[in-house]
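Please keep the model open while reading this note. Each point can be checked against the coordinates.

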Amino acid sequence: IAANREPRRRLIDFEPDGKYGVEIVSTSRVIGPRQIDITSITFDTILIEERCRASFLNWSFSNKYWLDPVDGFVWRSEQHVSPNIPIFTLEVLKPAQS
């Protein structure tokens, strides 16, 4: 699992605030192996940190992703979606069956 140290750019909209096309510049880095527990089950993961900056809003933040080292499946993530909303955590209890 490799992180992308080259800056990535994306545009997001903040509908209620009327701010459209706000550029987010981000880079990611591998923090390293971590064990996490979800509903009393322990998972071996690789922690990835995504550092983000929205200059227009003077907003910097970090998102985190706990990936399965075998297939890259994201078991847990902590994400910021707006400077006005607290960070939220997503955990997968069971992956979808194919």
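The points below go from the sheet to its cores, loops and charged pairs.

1. **Basis.** This is a predicted model: local features need pLDDT of at least 70, side-chain atom pairs count only at pLDDT 80 or more, and totals for chains, interfaces and linings use all residues. Residues are numbered from 1 along each chain as its sequence is written, and side-chain values use heavy atoms, with hydrogens and water left out.

2. **Sheet.** An open sheet is built from 6 strands in the order E1-E2-E3-E4-E5-E6, with antiparallel pairing. Strands here are DSSP runs (E, at least two residues), numbered from the N terminus. Two of them pair if DSSP finds at least two bridges between them. Strand E1 (8–14) and strand E6 (88–91) are the edges, each pairing on one side only. On average, neighbouring strands of the sheet are turned by 25° against each other, direction ignored. The axes behind that angle are lines fitted to C-alpha atoms, and angles run from 0 to 180 degrees between N-to-C directions.

3. **The E5/E6 end.** Strand E5 covers residues 74–79 and pairs with E6 in the antiparallel sense over 4 bridges. Check Ser77: its bridge partner in E6 is Leu90.

4. **Main core.** The largest nonpolar core has 7 residues: Phe14, Val22, Ile24, Cys52, Ala54, Trp59 and Phe61. A nonpolar core is a set of buried Ala, Val, Leu, Ile, Met, Phe, Trp, Tyr and Cys residues joined through side-chain atoms within 4.5 Å. Buried means under 20% relative accessible area, exposed over 50%, and partly exposed in between (1.4 Å probe, protein chains only).

5. What does Phe61 touch beyond its neighbours within four places in sequence? Its contacts (heavy atoms within 4.5 Å) are Ile24, Glu50, Arg51, Cys52 and His80. Another core, of 6 residues, lies apart from the largest one and includes Ile38, Leu47, Trp66 and Trp75.

6. **Positive phi.** Two loop residues deserve a look. Ser40, in the loop between E2 and E3, has a positive phi near 70° although it is not glycine. Ser40 is exposed, at 77% relative accessible area. Asn58, in the loop between E3 and E4, is likewise a residue other than glycine with positive phi, near 55°. Asn58 is exposed at 62% relative accessibility.

7. **Asp37.** Asp37 sits in strand E2 and is partly exposed at 49% relative accessibility. Residues up to four places away in sequence aside, Asp37 touches Thr42, Arg76 and Glu91. Asp37 and Glu91 are 54 residues apart in sequence, with a C-alpha to C-alpha distance of 10.0 Å.

8. **Salt bridges.** How many salt bridges does a search of the whole structure find? The count is 5, taking a side-chain nitrogen of Lys or Arg within 4 Å of a carboxyl oxygen of Asp or Glu. Side chains of opposite charge can pair when their charged atoms come close.

9. **E2 to E3.** Glu49 and Arg29 form a salt bridge, with the closest N and O atoms 2.9 Å apart. Glu49 lies in strand E3 and Arg29 in strand E2, so the bridge ties together parts 20 residues apart in sequence. Glu49 is buried at 10% relative accessibility, whereas Arg29 is partly exposed at 30%.

10. **E5 to E6.** The side chains of Glu91 and Arg76 meet in a salt bridge (2.6 Å, N to O). Glu91 in strand E6 and Arg76 in strand E5 are 15 residues apart. Glu91 is partly exposed at 37% relative accessibility, and Arg76 is buried at 15%.

11. **E1 to E3.** Arg8 forms a salt bridge with Glu50, the closest N and O atoms being 3.4 Å apart. This pair links distant parts of the chain, with Arg8 in strand E1 and Glu50 in strand E3, 42 residues apart. Arg8 is partly exposed at 29% relative accessible area, while Glu50 is buried at 7% relative accessibility.
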